[in-house]
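Thanks for coming. I have one model to go through this morning, and I will keep it short. Please look at the screen.

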Amino acid sequence: MHSLRHTFGKAKAYMGNVYGKTKGMLSDLDSGVRAMKDVYSIASPALGGVFGKHFEEGNKHVTKALSGYEDIKTRVMDT
């Protein structure tokens with residue numbers, strides 16, 4: 001019985017460690033995305049002026065990617 005209790009205790013500790021590291025990694029990822037979003041929103045008027053129509057096309061992809069990220073984040077937070 002002791003061996004079984006010990007095994008479950010180690011498994012529980014391992015899962016807690018994995019959860020903590022994953023949570024930290026995802027928090028860092030989210031902070032990075034928010035920072036890049038802020039930088040992009042500040043730089044986009046200047047980039048639009050320099051690159052014109054090419055920027056507009058690229059901006060569509062960036063906007064779509066950020067929207068997809070927010071959708072995934074919302075789904076994860078809802079579960």
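Start with the crossing: helix α1 passes helix α2 in a left-handed crossing. Please keep in mind throughout that this is a predicted model.

Now the geometry of that pair. Helix α1 covers residues 2-51 and helix α2 covers residues 53-78. They pack at an angle of about 160 degrees, and their axes are 11 Å apart. Angles over 145 degrees count as roughly antiparallel, so α1 is roughly antiparallel to α2.

Which residues in α1 meet α2? On the α1 side they are Leu-29, Asp-30, Val-33, Lys-37, Tyr-40, Ser-44, Leu-47, Gly-48 and Phe-51. On the α2 side they are Lys-53, His-54, Phe-55, Asn-59, Val-62, Leu-66, Tyr-69, Glu-70 and Lys-73. By type, the residues of this contact divide into nine nonpolar, four polar and five charged.

Next, the chain as a whole. Its secondary structure comes to two helices and zero strands. Along the principal axes, the C-alpha atoms fill a box of roughly 70 × 20 × 15 Å. Buried residues make up 6% of the 79 residues.

Asp-30 has its place in helix α1. Is Asp-30 buried or exposed? Asp-30 has a relative accessible area of 13%. The cut-off for buried is under 20%, so Asp-30 counts as buried. Leaving aside neighbours within four places in sequence, Asp-30 is in contact with Tyr-69 and Lys-73. Both of those partners are in the list for α2 that I read out.

Gly-48 also lies in helix α1, and it is among the α1 residues that meet α2. Gly-48 is partly exposed, with a relative accessible area of 22%. Gly-48 and Gly-58 are ten residues apart in sequence, and their C-alpha atoms are 10.0 Å apart in space.

Last, Lys-21, again in helix α1. With a relative accessible area of 59%, Lys-21 is exposed. From Lys-21 to Ser-67 there are 46 residues in sequence and 26 Å in space, C-alpha to C-alpha.

I will take questions now.

Conventions: Residues are numbered from 1 along each chain as its sequence is written. This is a predicted model: local features need pLDDT of at least 70, side-chain atom pairs count only at pLDDT 80 or more; totals for chains, interfaces and linings use all residues. Side-chain values use heavy atoms; hydrogens and water are left out. Axes are lines fitted to C-alpha atoms, for helices over the stretch in contact, and angles run from 0 to 180 degrees between N-to-C directions. Helices (H or I, at least four residues) and strands (E, at least two) are DSSP runs, numbered from the N terminus. Angles under 35 degrees count as roughly parallel, over 145 as roughly antiparallel, 65 to 115 as roughly perpendicular and the rest as oblique. A crossing is left-handed if the near helix is turned anticlockwise from the far one by less than a right angle, and right-handed if clockwise. Contact means heavy atoms within 4.5 Å. Ala, Val, Leu, Ile, Met, Phe, Trp, Tyr, Cys and Pro count as nonpolar, Asp, Glu, Lys and Arg as charged, and the others, Gly among them, as polar. Buried means under 20% relative accessible area, exposed over 50%, partly exposed in between (1.4 Å probe, protein chains only).
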